[in-house]
Amino acid sequence: MADETTIDSANETPETVDLWVAGTEEAEFQPTTEGDQEIGSAESKERLAEQFGSVVEDDYVFDDEVADDDRMIVNMGPQHPSTHGVLRLQIELEGEIIRRTKPIIGYLHTGMEKTAEQLTFGQGPTNVTRMDYLAPLHCELAYSLAVESLLGIEVPERAAAIRILMTELNRISSHLVALATNGMDIGALSMMLYGFRERESILAFFEKTTGLRMNHNYIRPGGVAADLAPGWKDDVSAILADLPGRLDQYDDLLKENPIWLARTRGVGVISQEEAIAFSITGPILRATGVDWDLRKVFPYSGIEKYEFEVITGENGDVYDRYRVRVLEIVESLKIVEQVMNAMPKGDYRVDDRKVTPPPRARIDESMEALIHHFKLFTEGFKVPPGETYVAVESPRGELGCYLVSDGKANPYRMHTRAPSFYNLQSLPITMADSLMADTVATIASMDPVMGDVDR
Amino acid sequence: MRSGTSGQIGWSGDWEPQMNQVLAGLAEGFEDVTFSQSQGQDIASVPAESWKAFAEAAKKAGFEVCCDVTAVDWMRQRPERFEIVANLLSMRHRIRLRVSTTIGREDPTVESLTPLWPGAGFAEREVYDMFGIIFDGHPDLTRILMPDDWDGHPLRKDFGVGSVPVQFKESHKVD
């Protein structure tokens, strides 16, 4: 009998149940108005000035002689390998020369600020770490510092030092990607391979420490998620020993390479006045010669204890941005070395039972610990009402977190001041009156992360 | 490449912590502006009428960067529903100032800061997109993150979070 049933069931296809929830059918296709191949018809005068890149400094030369036929509008992106994600540009060309640019963003918008209002303060880092996915630890740090500022707690010295160690390593890895993609976009393909190879050693260290290569959720309100793994000093020492020599190799490859110089010198220039007017921060601002670095001016997490220089450029072109990033890696290595040698002993989380979940072993022993564990992971901790704005220097510039609490366990409002969002706004200025062939070099040197732009 | 600069702006240039002088100078022309502190950060609460005038005075006083413009929807918690917040930064004096104003739900309109700081353009478009606040004088107040044909303003508190029902299909029948 048993044989028969198995034969029967083998011949029959398994019975399936279609659990279709009403109201989830796909909506009818409705074409949107996006995709117009016109960018001139309905723009205001001020808007045109912005697109022509002549808001702050009018260096636009308008040639009335050019017939309308000679102007062409080219749509670049959102699915273009050189737009670093899903950036879309509408570019008006006059022959080979770009006259007008209109960046169109929002293709990666996932409503993270709305999501943050649904998550508790403790769950928040899981959300913000996905914004700037090349510098996730900086996003977590800005958020955690904002929550701690509202809570009025101060993390132990070791936690602060671990945060600096991790964020500076993250800055190195992010700048390495910037160098790699910058090189690839301009044609130095080997730079791409080298950059990602070196980044891998840092990501391996991150994986060992946090459990993940990206989207770590490691820096949390009240400290960090886990202590550094045993043997971390050897890993960091290996990175410190390897990278300077590798950076010298990249300099051999690019620094005085005539092709590289021709493609980057004097390309995508932005002046100091324009950079400040357009709220540009980070390496792009420093490449124009302003030595503005939040790590020096508004130090956070004890970074004022470590010695490093602020690197500035002179011309604000693609080459200077590339040099600033290379030299910032060297400065970050200095910080990492100092943190490693002076890593304080102690706890890596704040000694506050209302914020820090109890260790696993305590839950079995203590009723109190069990209650705290349960409350912290279901309801979360309450944060006193107030508002705060905390900014850190991310690899792309000022990454700020504006946090409003109304006394509940969820933020009432969480807003991230995303550096890429503001840096991208200046694309029309940097690209006006340059060659179409330089577009990709300019975008790459801005180093936009679309997850950060659209959030 | 060099480190440090001789320019006026930047951390290595000459500077004095002039918070009190700068704020006192700002307060002079505006009697209806209240200054307060939250977590050690300075906040200036400005009536909506003098929003742009105060911003202009702040720019003259040395706040050359508008870091950020954002909004908070207070729904029924406060008499005026929307709070507009601009984060100003003075590189010269190395201070920050948060300027905020409130506007009601009937006519959520404030003057745009774009003529003063072109960098506020994207930020104000985002606030318009997310909260439906009109910035008077903005050159191109269109949606920036949401699709052009989107209904509603997602970051308002009365805009539902929305959820996608999970579709269970082709699941094997369990006897």
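In chain B, helix H2 (residues 51-60) lies across strand S5 (82-90) and strand S6 (95-103), and H2(B) runs at about 170 degrees to S6(B). This is a predicted model, in which local features need pLDDT of at least 70 and side-chain atom pairs count only at pLDDT 80 or more, while totals for chains, interfaces and linings use all residues. Residues are numbered from 1 along each chain as its sequence is written, and chains are lettered from A and ligands numbered from 1 in the order in which they are written. Helices (H or I, at least four residues) and strands (E, at least two) are DSSP runs, numbered from the N terminus. Angles run from 0 to 180 degrees between N-to-C directions, with axes fitted as lines to C-alpha atoms, for helices over the stretch in contact.

**Sheet of chain B**

- Helix H3 (residues 120-131) of chain B also packs on the sheet; H3(B) touches S4 and S5 of chain B, and its direction makes about 5 degrees with that of S4(B).
- The open sheet has 5 strands in the order S2-S3-S6-S5-S4 (chain B), with mixed pairing; two strands pair if DSSP finds at least two bridges between them.
- Strand S2 (34-38) and strand S4 (65-73) of chain B stand at the edges with a single partner strand each, so one side of each has no neighbour in the sheet.
- From one strand to the next, the twist averages 25 degrees.
- S2(B) and strand S3 (residues 41-45) of chain B run antiparallel and are joined by 5 bridges; Gln41(B) in S3(B) is the bridge partner of Ser38(B).

**Chain A overall**

- Chain A contains 19 helices and 10 strands.
- Of its 455 residues, 50% count as buried (20 or more other C-beta atoms within 10 Å of the residue's own, C-beta atoms being placed from the backbone; exposed means 12 or fewer, partly exposed in between).
- Among contacts in chain A with a separation of 6 or more, 70% come from residues 24 or more positions apart; a contact needs C-beta atoms, placed from the backbone, within 7 Å.

- Helix H18 (residues 439-446) of chain A has 8 of its 8 residues buried, so H18(A) is largely enclosed by the rest of the structure.
- Asp447(A), which follows H18(A), has a positive phi, near 50 degrees.
- The buried residues of helix H7 (residues 189-210) of chain A include Met191(A), Tyr194(A) and Phe206(A); their cover includes helix H6 (157-186) and helix H8 (232-255) of chain A.
- Gly211(A) follows H7(A) and has a positive phi, near 100 degrees.

Notes:
Contact = placed C-beta atoms within 7 Å.
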